[in-house]
Amino acid sequence: IQKACVEAAQSFHGYPFSWCLLVRPQGVKPAGRPAICSPGGLMVFYGAMYWGFFIVSIVVLALTVNAFFPIRREPLSVISFALGWIPDELPIQVMLVDLIIALVFARYGTFRHWPGWAGLALTAGSWVGLVRLAFIARGAKDLVDEALAEAAMGPVDVEGFDSSPAWNYWWRLAIAVPLRWRAIRRIRNIDYWGDGIGRHRLDILEPRGGPPRPGPVLVYIHGGGWVIGDKRQQGIPMMHELIQRGWVCVAINYRLSPKATWPDHIVDCKRAVAWVRAHIAEYGGDPEFIAVSGGSAGGHLSSLLALTPNEPEWQPGFEDADTSVDACIPYYGVYDMTGDPAGSGAFGPGMLEMLERHVMKLPFEGNREVFVQASPTDRVSSSAPPMMVFQGVNDTLVSVEVARSFVARLREVSESPVVYVEL
């Protein structure tokens with residue numbers, strides 16, 4: 001600073017790529033003399049802010065484009081999923097954060113140089129895409145209505161049913177964080193097996209004070225690739241909405257790989273359902289109607305559970321317990337565990353390799369029947385309960401073809417309604 005004779009609050013007259021320095025010292029020397037910044041002075045680097053904004057704008061635009069056109073080949077498909085789900089699910093929130101970032105950069109003179117204006121143009125392109133994503137999301141209700149009407153062969157009109165949100169108001173969806181609510185009581189960590197194992201726990205969610213009458217029951221199974229996840233993390237907005245409509249919801253944990261080995265996961269889920277059917281009346285639930293739901297690995301487990309009621313092989317020690325359910329709502333489940341290139345292996349062999357190494361702990365070669373028996377698509381029967389299957393076309397972990405094949409097989413043989421919602 002002394003060499004360049006820069007005064008207080010004066011920027012370097014350097015090159016576009018140079019960093020500039022703003023100095024606000026406690027004591028300012030007269031003009032013409034070098035500026036001295038005391039230890040308590042404030043220094044703010046702002047010299048290449050326009051380049052920083054330009055880079056941020058490129059990143060946000062790339063994330064937005066990825067939400068529309070994700071990479072579908074391993075291993076990049078996993079990275080594409082990780083980078084895409086926030087802008088895809090929360091486009092308006094991302095746009096607001098991006099706006100705040102732009103205003104902060106503007107405060108430091110970003111738009112005095114062409115990279116700042118180029119970044120602003122890129123930001124405008126991102127916002128167009130994010131708004132488009134928001135409108136696509138808003139159209140999900142119509143897709144659900146159409147799918148229900150297709151399954152029922154006509155519009156579904158339940159007398160006295162109000163379809164307006166009971167809990168999922170727009171401002172709660174805008175916050176996007178399912179905060180605890182006083183009207184909902186959560187009874188935590190009930191041991192559904194009685195063996196003291198930490199993963200054999202479930203939570204019961206119900207209206208505070210209990211439902212007005214015995215309410216239908218939803219059992220929710222979390223996802224996480226059979227290796228991670230917790231009952232406190234997933235399905236919360238859906239469960240809160242149902243609770244406000246008089247339901248009783250149960251969120252369960254189950255043993256996870258690599259410590260657990262298949263079929264530990266499905267055995268735990270069946271044991272939890274058996275407990276629910278035996279005890280949920282004590283908490284205001286109706287044991288005569290139990291639905292099961294879950295996403296990803298939870299979608300796999302919930303659908304497999306629904307399709308294999310009272311399977312003795314998967315009910316060790318409780319073979320006589322009733323593990324049947326009355327409805328199933330799986331979200332983006334893995335319905336094919338064989339790594340079929342036309343199904344779960346469409347993006348590469350990663351899914352099958354992960355199952356072999358961490359979940360099944362068996363090579364597919366020579367043990368094909370184990371993988372087939374764990375595949376819901378291969379367990380479909382005429383006695384399948386009513387099912388409502390959700391799948392996203394841009395899912396890069398589970399190909400949409402997996403859900404389409406599963407639903408087609410269900411509709412061929414099941415005597416119950418099958419609703420398919422492709423988002």
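Which helix lies across β9 and β10? To find out, select residues 400-413 in this predicted model. These residues form helix α12, which lies across β9 and β10 and runs at about 160° to β10.

**The sheet**

Next, display the strands. Eight of them, an open sheet with mixed pairing, follow the order β3-β4-β6-β5-β7-β8-β9-β10. Select β3 and then β10, residues 418-422: these two strands stand at the edges. Each has a single partner strand, so one side of β3 and one side of β10 are left without a neighbour in the sheet. From one strand to the next, the twist averages 20°.

**A pair of strands within the sheet**

Now select residues 327-331, strand β8, together with residues 387-391, strand β9. The two pair in the parallel sense, over 2 bridges.

Move on to residues 264-279, which form helix α8. This helix lies across five named strands: β3, β4 (201-207), β5 (215-221), β6 (248-252) and β7 (285-295). Relative to β7, helix α8 runs at about 155°.

**The surface**

Finally, switch to a surface view and select Y169, W170, W171, I175, V177 and L179. Together they form a nonpolar patch on the surface, with about 680 Å² of accessible area. Within this selection, centre the view on L179, which lies in the loop between α6 (170-175) and β3 (184-191). Is L179 buried or exposed? L179 counts as exposed because its relative accessibility is 51%, and the cut-off for that term is over 50%.

Conventions
Residues numbered from 1 in each chain as written. Predicted model: local features only at pLDDT ≥ 70, side-chain atom pairs only at ≥ 80, totals over all residues. Heavy atoms only, no water. Patch = residues over 30% accessible without salt bridge, like charges linked within 9 Å, V, L, I, M, F, W, Y side chains within 5 Å. Areas by Shrake-Rupley, 256 points an atom, 1.4 Å probe, with all protein chains shown as cover. Salt bridge = Lys/Arg side-chain N within 4 Å of Asp/Glu carboxyl O. Helix = DSSP H or I, 4+ residues; strand = E, 2+ residues; numbered from the N terminus. Buried < 20%, exposed > 50% of the residue type's maximum accessible area, 1.4 Å probe, protein only. Pairing = 2+ DSSP bridges. Axes fitted to C-alpha atoms, helices over the stretch in contact; angles between N-to-C directions. Contact = heavy atoms within 4.5 Å.
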